[in-house]
Amino acid sequence: MPSGTTNAPPSDTPVPVLYRYTDGKQTWKTWLGGPGVHEADGLSASPDLNGDLVYSEQAGLYGAYFVVTDYSGDAAGHYGDSIQYVADNGTLVTITGASSSWGCSHNTGIAFESADEPPFASICAEDQGAIWLNSKTLGMSNDGVKISNENTTNGASGEPMGGMSGSYSALARFAESTRYIFAWVSRGAMDLTENTWMGSGYTHALNRTNNRNVAISLFSDKYTIVGEQATSEVGAEDGDKQINWLTEGANDCSNAHAATFGNNSALVTWEEISDPICDFVAMGCRGQFAGTFFQQVDSTGKRVGSPLKSMDTFVAGDMVTMPDGRICWPYVSMDWDLSQAVYALTSSTTTTMSFACIDLTGDSS
C-alpha cells in the first residue's frame, strides 16, 4: 500500500487489489483487503495471493476468493480465506451470505465459479482434513457439503487445487445451467479417525496411495453434490468410496483443471510424472515429466474416449470457453521439468506468452 497509509499491514506485506482496465486504460482500482475492508472482523493482507477471480454478467459482479492472513482482530497472525464482491463500477459490495472475511483455516486450495446471483459457487481445501463445497457456509463447518476426505499434515493437504502454483480453473459451470464440474488431485483416504480438536463430524484420514490421482465431482447447483458426499464415519476404512476417479495409475498427477464446452461436455486436464518421489506426505512429488493430459468427460462425469497427451503444451492460466465453443488458455512454451522443486532448478525468463485451444471437431492445427 502507499507509504504512510494508516493501518496498513506491517513490513510492506501486500494487500489484494482488483484493477479494471478498459481499452488499455485503468478504469478503477478497488482494495480487497487492508484498512477500510471488513475492519470489524480484523484487517487482512495476502503475502501469497493464491486465489481465483470470476465475473457474472447476470449479477453484474466480480467475485474474488483468496487466501489471507489477518494482522488485527481475533485471527491476527493466522491464515484463512476471504470472498469479496465488486460491482461493475468498482464499488466493493458487502453481501450478507456471500461476502466473507474469514472462511477456511489455512486454506490450501480454492475453486470458484460464477453464478447468476451471489453467492458464487465456492470450494475450499482446509487444514483439518476435508475439501468442502462451501457456497452456503462460506467456511469449513460440517453443515456444508464434504466433497473429499484428505490427509492434512502441518497445514498441507496434498496441493489438491494446485498449491502455490495457484488455484484457477478447477471449478467450471456447464454453459448457462446451474450445474458445475470440479477437478482435483488426491491420494485417497482411508482409516478415518475423529478430529478431536474440531469435534463431532470432523475426521482425520490416512493417504491410500503415495502418488496423487485425478478426481472429479459434479454438482446439480452451487449447493448440491451429485451422488454421495464424503463420509464422516469414524473408523471407516474407505473414506474415498464416493470419489469418481479419472486416473488410477502409479504416476503422480498434479495441476488438475476443468472447463466446459457447453451444456453436455467438459474437459479435464492434468500433468503427470513417472516413478514419482514424494518426499512429503502432504505436498507434491518430483520425477520424470510424462506429459500433460486432456480428457473429455460428459455431463454425467463419464470419460469420452482416451485422453490426449502433449509433451509441449501446458495449462498455466485460466481456461476460457470462447464464443465459438473452443476452450483456450495461456502457457509458456518451455521444456517442462518436474524433477525438483522450482527453487532447486536453474530458471530463465521469457517475454513471450503462448496460447493453446482445443475443440470437439477433431480438426487440429
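**Briefing on a predicted model**

Asn255 is buried, with a relative accessible area of 16% (buried means under 20% relative accessible area, exposed over 50% and partly exposed in between, with a 1.4 Å probe and protein chains only). The structure is a predicted model, in which local features need pLDDT of at least 70 and side-chain atom pairs count only at pLDDT 80 or more, while totals for chains, interfaces and linings use all residues. Residues are numbered from 1 along each chain as its sequence is written, and side-chain values use heavy atoms, with hydrogens and water left out.

- Asn255 lies in strand S19 (strands are DSSP runs of E of at least two residues and helices are runs of H or I of at least four, numbered from the N terminus).
- The phi angle of Asn255 is near 55°, a positive value in a residue other than glycine.
- S19 is mostly covered, with nine of its nine residues buried.
- S19 runs antiparallel to strand S20 (residues 265-277), and seven bridges join them (two strands pair if DSSP finds at least two bridges between them).
- Cys253 has Glu272 in S20 as its bridge partner.
- Four residues lie between S19 and S20 in the hairpin that they form.

**Strands S24 and S25**

- Strand S24 (residues 327-331) pairs with S25 in the antiparallel sense over five bridges.
- The bridge partner of Ile327 in S25 is Ile358.
- Strand S25 (residues 354-358) has Ser354, Ala356 and Ile358 on a covered face, and Phe355 and Cys357 on an uncovered one.

**Backbone exceptions**

- Most residues other than glycine have a negative phi, and most peptide bonds are trans.
- Glu159 has a phi near 50°, a positive value in a residue other than glycine.
- Glu159 is found in the loop between strand S11 (145-149) and S12, and at 25% relative accessibility it counts as partly exposed.
- Pro118 and Pro119 are joined by a cis peptide bond, with omega about 5°.
- Pro119 is found in the loop between S8 and strand S9 (121-125).

**Aromatic rings and charges**

- There are 13 aromatic pairs (rings of Phe, Tyr and Trp, for Trp its six-membered ring, pair if their centres lie within 6.5 Å; planes under 30 degrees apart count as stacked, over 60 as edge-to-face and the rest as tilted).
- Tyr55 and Tyr62 make a tilted pair, because their ring centres are 4.5 Å apart and their planes are at 45°.
- Tyr55 is partly exposed at 34% relative accessibility, whereas Tyr62 is buried at 13%.
- Tyr65, Tyr85, Phe112 and Phe120 are linked into a cluster by ring pairs.
- The charged end of Lys136 sits over the ring of Tyr223, 5.0 Å from its centre (this requires NZ of Lys or CZ of Arg within 6 Å of the ring centre and within 35 degrees of the ring normal).
- The charged end of Arg179 sits over the ring of Phe174, 4.9 Å from its centre.

**Second largest pocket**

- The second largest pocket has a volume of about 720 Å³ (on a 1 Å grid over the protein atoms alone, a pocket is an open set of points with protein on both sides within 12 Å along at least five of seven lines, and a cavity is a set where a 1.4 Å probe fits but cannot get out; lining residues have an atom within 4 Å of a point).
- Of the 23 residues that line this pocket, Tyr55, Glu113, Ser114, Val320 and Thr321 are the closest to its centre.
- Strands S4 (51-56), S8 (109-113), S12 (171-173), S19 (252-260) and S23 (320-321) are the elements that give two or more residues to its lining.
- S4 gives the most to this lining, with five residues.
- The lining residues of this pocket divide into 11 nonpolar, six polar and six charged (Ala, Val, Leu, Ile, Met, Phe, Trp, Tyr, Cys and Pro count as nonpolar, Asp, Glu, Lys and Arg as charged, and the others, Gly among them, as polar).

**Cavities**

- There are two cavities of 30 Å³ or more (grid points are joined across faces, edges and corners, and a volume is the space filled by probe spheres set on the points).
- The largest cavity holds about 50 Å³ of space, and its lining includes Glu150, Asn151, Arg187 and Val281.
- The lining of the largest cavity divides into three nonpolar, five polar and two charged residues.
- The second largest cavity holds about 40 Å³ of space, with Trp132, Lys146 and Tyr202 among the residues that line it.
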